[in-house]
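Please look over the sequence and the model first.

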Amino acid sequence: MIELFEIFKYSFLLCLLAGMTIPLQGAHLVSRKQGLQILALAQAGLIGNLLGKLLFHEVEILTILCSLVFFVFMKILFLKRKSGGESFYIVVYLALMAIGNLLVSIFPGLDSHMSLGLFGDVVSLSAQNTLLLSAFFVNIFALMHYCSKRFKRNTLNASMFHSSKIDYLEELLFSLTFVISIYGLGVLYTVSLYIMPTVLGGRVFKGLSASLLFLSLTGAFSSVTGLGLSVSFSNLSTVPSQVVLLLLVLSLGKLIGKIHEKIGSNTKREALKCHKVES
Amino acid sequence: MRILEANTIDIGYKKVLQRGLSFDVSKGDILFVSGANGTGKTTLIKTLLGEVSVLSGELKVKDGLRTQYLPQLLQYDFPLSLTLDEILDIYEVPERIKNFLSEDQRDLCWQDASGGQKQKTLILSRLSRNQDILFLDEPFNHVDKESSSQLMNFFQELIFEGFISSLVIISHVIPSELNHENIKGLKLQ
């Protein structure tokens, strides 16, 4: 067992770093009401990946580049869009899913890539790729920390002041993370870690800093523990284990938060009663 | 001292929405712009902010005019826990301006704050430096009558303290404190 953990040590590192970083970006995007856009863009990244595999076969850098180009093309389309509402993203998601399946039916060789793209498999990545991805996530995490105030301000501007100004550094950073994550860790893992932590655990702790720390730690814990479980029990798939664990941890956090809130309000009520009696 | 002066201006995009508007804003003024939907209230603000050109007439503004615009506050359910104090910190609002809200109020989470407290926070977030004109779009939406009066006092205090020189407010609601001598009205038909 120890040997198995030794073999996958870099995978653990990658899961830890991706699990810490992705929920932080997700917090910004979900707060800007871009949850459905994330879903559509994930599908765009996957199609770009398939097209890259089709055109450049095993030249990985070109595959990632192809995915990035397709992703950015879709992102620009979304930015230029003036009507259609949130449902528009569902339409794009469905259309891209149909195109992806059509590609697989025409080129059956893409089937395995499609499955890997959807469900990811961090354990099947080469050690070199795993280390490269880890280095990438370290840099992204550091940049997120360095630009934290700027990104928070962009989020408030977009959500509360309805600003549509584009911060190109932020767009590039978020796009790169998204595409690399889909390439290395799959759509299910990426979308889950972008959306679920904020939706379920965004208000467990009071204050933005505490909330972001909680989301980051939850993401890292569930990614690493999910991988640990799948390494220990060979019949457990990695990404589904990570996602289900994330769901459980967030639900538990939410429950504890609610109990804590209830106890707090009861104490306040008691204090008010005492104050009234005294006066 | 005149900050802004409009002489018979026409506003609109391709189609003229309002013709021959004349008004001025001086230091200490609060200008209330009212009118039915579609009469061009927001277009007027955008014109005064320089985002939309005047179709005809003359619009004079003070050299180096410093403006801020606060759009309409919609009922927005922020998915993260965020205190009012954190919002002010993110916008680097100086401590002396932050003190317009008490410590207890600043410690409230966005989702627990009242409409008036939210509105005050967003206004303060626009005041990291002194402004000549603060444009507010429907600041009394989602705010009860008592809080509207408090907001009016708050605006006058901001002007008195010199954080802003004047205010231009788009509003359907005219608060009861309109007997202040520097409050002007502009009704778009």
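This is a predicted model: local features need pLDDT of at least 70, side-chain atom pairs count only at pLDDT 80 or more; totals for chains, interfaces and linings use all residues.

Chain A is built from 12 helices and has zero strands, while three strands of chain B form an open sheet. The two chains touch, with 20 residues of chain A in contact with 14 residues of chain B.

**Chain A overall**

- From the N terminus on, the elements of chain A run α-α-α-α-α-α-α-α-α-α-α-α.
- The C-alpha trace of chain A spans about 80 × 55 × 35 Å along its principal axes.
- Chain A has a radius of gyration of 21 Å, which agrees with the value near 19 Å for a compact globule, because that is what 279 residues would give.
- Of the 279 residues in chain A, 41% are buried.
- Among contacts in chain A with a separation of 6 or more, 78% are between residues 24 or more positions apart.

**Where chain A meets chain B**

- The contact involves 20 residues of chain A and 14 residues of chain B.
- On the side of chain A that touches chain B, α2 (9-31), α8 (148-159), α10 (187-201) and α11 (208-232) of chain A each supply at least two residues.
- The most comes from α8(A), which gives five residues to that side.
- By type, the residues of this side of chain A are eight nonpolar, seven polar and five charged.

**The nonpolar core**

- The largest nonpolar core has 108 residues.
- Residues with the most contacts inside this core include Leu41(A), Phe71(A) and Val179(A) in chain A, and Leu167(B), Val168(B) and Ile169(B) in chain B.
- The largest share of the core comes from α2(A), with 10 residues.
- Beyond its neighbours within four places in sequence, Phe71(A) is in contact with Leu41(A), Ala44(A), Gly45(A), Gly48(A), Ser175(A), Phe178(A) and Val179(A).
- In soluble globular proteins, nonpolar side chains tend to be buried together.

**The sheet in chain B**

- The strands of the open sheet in chain B follow the order β2-β1-β4, and their pairing is antiparallel.
- At the edges are β2 (16-26) and β4 (56-61) of chain B, each of which pairs on one side only.
- From one strand to the next, the twist averages 15°.
- Strand β1 (residues 2-12) of chain B is joined to β4(B) by five bridges.
- Opposite Glu5(B) stands Lys60(B) in β4(B).
- Helix α1 (residues 41-48) of chain B lies across β1 and β2 of chain B, at about 130° to β1(B).

Notes: Residues are numbered from 1 along each chain as its sequence is written. Chains are lettered from A and ligands numbered from 1 in the order in which they are written. Two residues are in contact if their C-beta atoms, placed from the backbone, lie within 7 Å. Helices (H or I, at least four residues) and strands (E, at least two) are DSSP runs, numbered from the N terminus. Ala, Val, Leu, Ile, Met, Phe, Trp, Tyr, Cys and Pro count as nonpolar, Asp, Glu, Lys and Arg as charged, and the others, Gly among them, as polar. A nonpolar core is a set of buried Ala, Val, Leu, Ile, Met, Phe, Trp, Tyr and Cys residues joined through C-beta atoms within 7 Å. A residue is buried if 20 or more other C-beta atoms lie within 10 Å of its own, exposed if 12 or fewer, and partly exposed in between; C-beta atoms are placed from the backbone. Two strands pair if DSSP finds at least two bridges between them. Axes are lines fitted to C-alpha atoms, for helices over the stretch in contact, and angles run from 0 to 180 degrees between N-to-C directions. The radius of gyration is taken over C-alpha atoms; the globule rule is 2.2 Å times the number of residues to the power 0.38.
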